[in-house]
Amino acid sequence: MAALLDVKNLHVTFRTRKETVEAVRGVSFAMGREKIGIVGESGSGKSVTCRALLGLVRPPGTVTADHLLFDGVELRQTDPRHMQAIRGRRISMVMQDPKYSLNPVMTVGDQIAEAYRIHARASQAEARRKTVEMLEAVRIRRPEQVYDTYPHEVSGGMGQRIMVAMMLIPGPDLLIADEPTSALDVTVQLQLLAIMDDLVQQRGMGLIFISHDLNLVASFCDRIIIMYAGRIMETCNAAELHNAQHPYTRGLMNCLPQIDTPPGELPVLQRNPAWQDGPL
Amino acid sequence: MITVSDLSVTFGRGRRAVPAVQRVSFTVEAGGLYGIVGESGSGKSTILNVLSGLNRRWRGSVTIDGDQQALQRDLAFHKKVQMVFQDPYGSLHPRHTVDRILSEPVAIHRLGQSAARVVKALEEVGLGPEFRFRYPHQLSGGQRQRVAVARALILEPRILLLDEPTSALDVSVQAEVLNLLTGLHQRRNLTYILVSHNLAVVAHMCRRIAVMNRGVIIEELGVDTLRNRSPEHPYTRQLLSASLGYDRQAVAMLEEFDMDD
Amino acid sequence: MTTQVEYTTPEGQGRRYHRWLLASAPRSRYQARLGRAYQAWLTFSQNRLAVIGLGIIIVLVAAAALAPITAPYPPNAPDLSIRLAPMSAEHWLGTDELGRDILSRIIYGSRLTLYVIVLVAIIAAPVGLLIGTVAGYAGGWLDVVLMRITDIFLAFPKLILALAFVAALGPGIENAIIAIAITAWPPYARIARAETITIRNADFIKAARLQGAGPARLIWGHVMPLCLSSLIVRVTLDMAGIILTAAGLGFLGLGAQPPLPEWGAMISSGRKFMLDQWWVAAMPGIAIFVVSLGFNLLGDGLRDVLDPKAEGQ
């Protein structure tokens, strides 16, 4: 698989008067048109990594890397105008809570249509048509009606589907989903994942799925990257997760309560300070 | 220990009335570990709010430790029943030190010896005395939740109501807090009611589980039934299979049990 | 052995206190509180303009306190032979129409300014805080009643109400203070109520209620401390307005009565000489300007420090 995204030695550092935080310390990975999951706890740097790809890290954050290649284009060198063309048009991002990522004063349909018209020259009528099509693609029944609703009128699950519609309507090659299902109920989660799964496959896209939920990522993605303290601890195929080598990965898997675990103590993750300098 | 009979809670009035809880009944024995699992809007948190006395608009009957409960609760009740909340960042007052947070209940109930009690409560949740004068923003999420548990325990209650106590915590921290709760239950012979949307957590911690949807308990089962994958109600089966992870085929078969869309 | 040297030099002592205040495991409530205040000070002092504002206020307070020492002349010693004298070595800011030294009058006038703003703040802020928190916490009809009362007071422009007071009670600085305080408290009530409404649904309030805390304890111990930040910022920023209102009243002859060296009254009496002896009106005007500016800078700086979003970083 030709590399859609190739990241080498990514560092993101935040320097304030009080302290210096190295959020990402030397992350390298490559992906093709496949589904990759990035798993980590809070502070692992998983979200910051993806924001750095999209150029969404503002000062006092600094981004350095050996290279950040998206389809051959070096993302760091790109000037702001070209970055705007890439953002949304070729790489899109869906975030956790549609309550905060949808504009509350515009109808849902108008927002999606706007996302379309930013990247494609189209009339209002054409944009509306495309929007309704997209709403159907994310399996919203009665898309014409939903077009005219406002974000506060829809449920969390539908809000996320609207976000997916908005992010996919310009036809990007790579979709980054940052904890898209964490605020949703478990059955709604799976429905949303199925929609994303189908769309990503149909369009031959790549998908980066960021989550703290190891089980979910293992069952949904093709490959998994496990991050801790700004570094990648381990990368493996989803099917081989049970053979994971790194003690952090094993510890993370073991401390999850499962329906089948007998009651009693859960093995607690013992953090080894050596992991801070662990695999790159 | 706890008997709930025909409990109903409605929010709003007239045409906009929403029945949050509809004629729910269940019993928890002393020393029990009872779980209530359901998705958002199922009414599970509302039940806890009624049991704790935070919600005063309900109909039905609630009996705790032999006493029929009125809408308003008294001081003695609060000594017996305590609650741990979901959000570790919201449940501690940002301007109070840990010491102040823990000594307040002691002062309200006039128990005396607050310094000794505070240190002992911190010890029980695995925090040393150096945490006594810190502010919440100087603590991690797991530490804050431990302080919340210490606060609930300092009055030596018999019943602990747990409202999604680990949902906002990292997975590794969740394991520590769940272990803490398990240990406390054994050592102090408490009665727990644990509410969560996470079936794995509820199945791990509880012996009996009520599954709720849209204000109604649709099934009550022992945890072994879950382990044997043999729940009766289709909604429970669906919840169970959804909790096991993503399965494209299974998703296609998901039914709509509520009127989303 | 470097520690020995550290603790004996003045610099070393300073560093030791610094470390004690910023200790991550304070050993007493006292240490924790001081530590927090110290951290707030460190953040505050990063803002140069805010420190300048604080400096101006400190000069104001010092001038008021040390007036008998710092003022070169008594404030009420008329000397008609040197009336309306321009700025010179003997009279740095010149003399007014009765030959009194303007600098000395301004220095003594700072006492009156401080008197007014402190009293107004002490009366208006607690009243506003109490009414706002009770209204916000109680909700229902109590909230409605209290807020409508607040609206009534809010509807009065300060000067009009002051005129009414003066007509009823006679002119004087105490009446001016009461008049200003009565119109100053409504915005504080509004702010306190808005904060209270946000706070009252927080989990920590629920937790306290579950411990058996009554409304009084909740409002006093839990709600009010969280309202204080916004309130302090607002009061500080309002100081400038209060000073101007008091000066306005003095200008109209309704505040401090002659011969008190109230800055507004000084401007008023200097009006007649604006064209030729501009310093008589301008100097007190500059004093008002500088003090108002000081409070505004201080208030801005406090807002940056006390903003709850900045807390806990």
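This is a predicted model: local features need pLDDT of at least 70, side-chain atom pairs count only at pLDDT 80 or more; totals for chains, interfaces and linings use all residues.
## A buried helix in chain C

A residue is counted as buried if 20 or more other C-beta atoms lie within 10 Å of its own. The buried positions of α12(C) are C:W263, C:G264, C:A265, C:M266, C:I267, C:S268 and C:G270. These buried residues pack against three helices of chain C, namely α6 (102-138), α11 (215-251) and α13 (279-306).

## Domains of chain C

Chain C is divided into domain 1, covering residues 1-44, and domain 2, covering residues 49-306. The C-alpha centres of domain 1 and domain 2 of chain C are 35 Å apart.

## Helix packing around α4 of chain A

Two packed helices are described by the angle between their axes and the distance between the axes. Helix α4 (residues 108-119) of chain A has two such partners described here, α7(A) and α5(A).

The axes of α4(A) and α7(A) come within 8 Å and cross at roughly 20 degrees. Angles under 35 degrees count as roughly parallel, and α4(A) and α7(A) are therefore roughly parallel to each other. The crossing of α4(A) past α7(A) is right-handed. On the α4(A) side the contact is formed by A:V108, A:Q111, A:I112 and A:A115, and on the α7(A) side by A:I162, A:A165 and A:M166. By class, six residues of this contact are nonpolar, one is polar and none is charged.

With helix α5 (residues 124-137) of chain A, α4(A) packs at an angle of about 115 degrees, the axes being 9 Å apart. This makes α4(A) roughly perpendicular to α5(A). The crossing of α4(A) and α5(A) is likewise right-handed. Here α4(A) contributes A:G109, A:I112, A:A113, A:Y116 and A:R117, while α5(A) contributes A:A127, A:R128, A:K130, A:T131 and A:M134. The contact of α4(A) with α5(A) comprises five nonpolar, two polar and three charged residues. A:I112 takes part in the contact with α7(A) and in the contact with α5(A).

## The loop residue A:P170

A:P170 lies in the loop between α7 and β8 (174-178) of chain A. It has 18 C-beta neighbours inside 10 Å and therefore counts as partly exposed. Leaving aside residues up to four places away in sequence, A:P170 touches A:G88, A:R89, A:A115, A:Y116, A:H119 and A:A120. Between A:P170 and A:L5, which are 165 residues apart along the chain, the C-alpha separation is 19 Å.

## Contact between chains A and B

The contact draws 33 residues from chain A and 30 residues from chain B. On the side of chain A that touches chain B, α7 (156-168), α8 (186-203) and α9 (214-220) of chain A each supply at least two residues. The most, seven residues, comes from α8(A). This side of chain A has 17 nonpolar, 10 polar and six charged residues.

## Contact between chains B and C

Chain B gives 27 residues to its contact with chain C, and chain C gives 25 residues. The elements of chain B that provide two or more residues to the side touching chain C are α2 (75-80), β6 (81-84) and α3 (98-108). The largest share of that side, four residues, is from α3(B). By class, the side of chain B that touches chain C has 10 nonpolar, 10 polar and seven charged residues.

Terms used
Residues are numbered from 1 along each chain as its sequence is written. Chains are lettered from A and ligands numbered from 1 in the order in which they are written. Two residues are in contact if their C-beta atoms, placed from the backbone, lie within 7 Å. Ala, Val, Leu, Ile, Met, Phe, Trp, Tyr, Cys and Pro count as nonpolar, Asp, Glu, Lys and Arg as charged, and the others, Gly among them, as polar. A residue is buried if 20 or more other C-beta atoms lie within 10 Å of its own, exposed if 12 or fewer, and partly exposed in between; C-beta atoms are placed from the backbone. Domain bounds come from an automatic or database domain assignment. Axes are lines fitted to C-alpha atoms, for helices over the stretch in contact, and angles run from 0 to 180 degrees between N-to-C directions. Angles under 35 degrees count as roughly parallel, over 145 as roughly antiparallel, 65 to 115 as roughly perpendicular and the rest as oblique. A crossing is left-handed if the near helix is turned anticlockwise from the far one by less than a right angle, and right-handed if clockwise.
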